[in-house]
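Reader: Could you walk me through some packing details of this model, with the cut-offs spelled out?

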Amino acid sequence: MTLLYVLAAILVVIGLAGVVLPALPGLPLVFLGMLLAAWAGGFAKIGVGTLVALGVLTLLSMAVDFWAAAMGAKRVGASRLALAGAVLGTFAGLFLGPVGLFVGPFVGALAGELLHGRRLDQPGIGQATKVGFGTWMGIVFGIALKLMLALAMLGLFAWSWWN
């Protein structure tokens, strides 16, 4: 029983890291950890209603992932190559530490937009920079929203557990 609670806590901690690290499915892992803890406790403290609410918040977080980056990119007229570059830049940034996580999506979107436009003159680079920044802002906004959802999930779980 204790081993299940430890495993559940590990899943939650890894999931919380995944809110910021794009290679990990953050809130789905948090949900799995909470579900495991509820199961380990025989669903005595965490009921079906709480699990449904946690599941809805998890699904909402997955929608936020796609929506935030797409909206940031769309607002500045990003191409598909810019979006693909942002994703590739995010993964490449994982290997460069915390700075890479913030710089990677921007550089990737910038490179993708430059490849799309194939213009290296001043207006072309300016547009690519604008797209890179807009895409990056969308990703940062998405992370902020997912952090809020993670806190809501943790609060709901704790409230249900101790009430």
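Author: Gladly! Contact means heavy atoms within 4.5 Å. This is a predicted model, in which local features need pLDDT of at least 70, side-chain atom pairs count only at pLDDT 80 or more, and totals for chains, interfaces and linings use all residues. Residues are numbered from 1 along each chain as its sequence is written, and side-chain values use heavy atoms, with hydrogens and water left out.

Reader: Thanks! Which residues does Lys 146 touch, not counting residues up to four places away in sequence?

Author: Lys 146 lies in helix α6, residues 122-162; helices here are DSSP runs (H or I, at least four residues), numbered from the N terminus. Lys 146 is buried, at a relative accessible area of 10% (buried is under 20%, exposed over 50%, partly exposed in between, with a 1.4 Å probe and protein chains only). With those sequence neighbours left out, the residues that Lys 146 touches are Val 19, Leu 27, Ser 61, Val 64 and Asp 65.

Reader: Are α1 and α2 roughly parallel or antiparallel to each other?

Author: Helix α1 (residues 2-20) packs against helix α2 (residues 26-40) at about 165 degrees, with the axes 7 Å apart. Axes are lines fitted to C-alpha atoms, for helices over the stretch in contact, and angles run from 0 to 180 degrees between N-to-C directions. Angles under 35 degrees count as roughly parallel, over 145 as roughly antiparallel, 65 to 115 as roughly perpendicular and the rest as oblique. The two helices, α1 and α2, are therefore roughly antiparallel.

Reader: How is the pair of Tyr 5 and Trp 161 arranged, stacked or edge-to-face?

Author: A search of the whole structure finds two aromatic pairs (ring centres within 6.5 Å, using the six-membered ring of Trp; planes under 30 degrees apart are stacked, over 60 edge-to-face, the rest tilted). For Tyr 5 and Trp 161, the centres are 6.0 Å apart and the planes stand at 90 degrees, so this pair is edge-to-face.
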